[in-house]
Amino acid sequence: KLYGSTSEQADAFAAATSKEYDARLGYRVMEELRNFLQHRGLPLRYVSVGWRRETLNDPAKTIANPEMDLKLIGQDRRFKPKVLAQLEALIETPKLKVLVRDYVEGLTNVQIDLRMRLEQDTENAIELMRNTRAHFTQKTGEKPRFLHLSRRRKDAASPDEFYLGMELVDHLQRLQHLYSRAQYITRTILSSEA
């Protein structure tokens, strides 16, 4: 929306998502399952649920393992046959949790690529927010708790409004830190429960 659908940034985003789609079975499967779930039904055969304790004093550990219903999915003509064939060609149907991890790692790679491409624009926006808040403090003698700016253009029916809260910057930094860990999710989560 900020850059426009024909921008270099939009093209780079589309290329990054296409790259991850082509490279990861989990990405392809989850995209198809999302469409299936959203428009047609629940693509699960069953969900097994169990619990256990490592020792008597440990809290109970609950484990849930959903299993895809490949027969039901195969009856859907809109589920991509190539993706279904890739699933069926596997010796054992992969655990849904493993496919989700692969998908999340792919989404994270797309997000990291986009963040790197927008890094300078993001830094410029943060600097503009800081400078605007500093200017407000200089003019009023008070630090703004909430700073909401409004700009009316001659040709616009309503004003453009901007909220300049530094908690947005803090939130962005927390998310960036969190996402950076998800980049290796398929190689760092090892579990017999899948």
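Leu128, Gln138 and Lys139 are exposed on one side of helix H6, in a model that is predicted. Exposed denotes over 50% relative accessible area, buried under 20%, and partly exposed the range in between (1.4 Å probe, protein chains only). Ile126, Met129 and Arg133 are the buried residues of H6. They span an arc of only 55° around the axis and therefore sit on the same side of H6. The arc is taken over the directions from the helix axis to the C-beta atoms. These buried residues pack against helix H7 (166-182), where contact means heavy atoms within 4.5 Å.

Just after H6, Gly141 adopts a positive phi of about 80°. Helices (H or I, at least four residues) and strands (E, at least two) are DSSP runs, numbered from the N terminus.

Residues are numbered from 1 along each chain as its sequence is written. Local features require pLDDT of at least 70, side-chain atom pairs count only at pLDDT 80 or more, totals for chains, interfaces and linings use all residues, and side-chain values rest on heavy atoms, with hydrogens and water left out.

Helix H4 (residues 81-89) also has a buried side. Val83, Leu84 and Leu87 are buried there. Viewed down the axis of H4, they fall within an arc of 100°, so they line one face of the helix. Pro81, Lys82 and Ala89 are exposed on the face turned away. The cover over the buried residues of H4 includes H1, H2, S2, helix H3 (70-74) and helix H5 (96-117).

Helices H1 (residues 8-23) and H2 (residues 25-39) pack at about 105°, their axes 5 Å apart. H1 is therefore roughly perpendicular to H2, a label for angles of 65 to 115 degrees; under 35 is roughly parallel, over 145 roughly antiparallel, and the rest oblique. Axes are lines fitted to C-alpha atoms, for helices over the stretch in contact, and angles run from 0 to 180 degrees between N-to-C directions. Thr17, Glu20, Tyr21, Asp22 and Ala23 of H1 meet Leu25, Tyr27, Arg28, Glu31 and Glu32 of H2.

Strand S2 (residues 61-68) contains Ile63. Ile63 counts as buried because its relative accessibility is 13%. Between Ile63 and Glu20 lie 29 Å in space, C-alpha to C-alpha, and the two are 43 residues apart in sequence.
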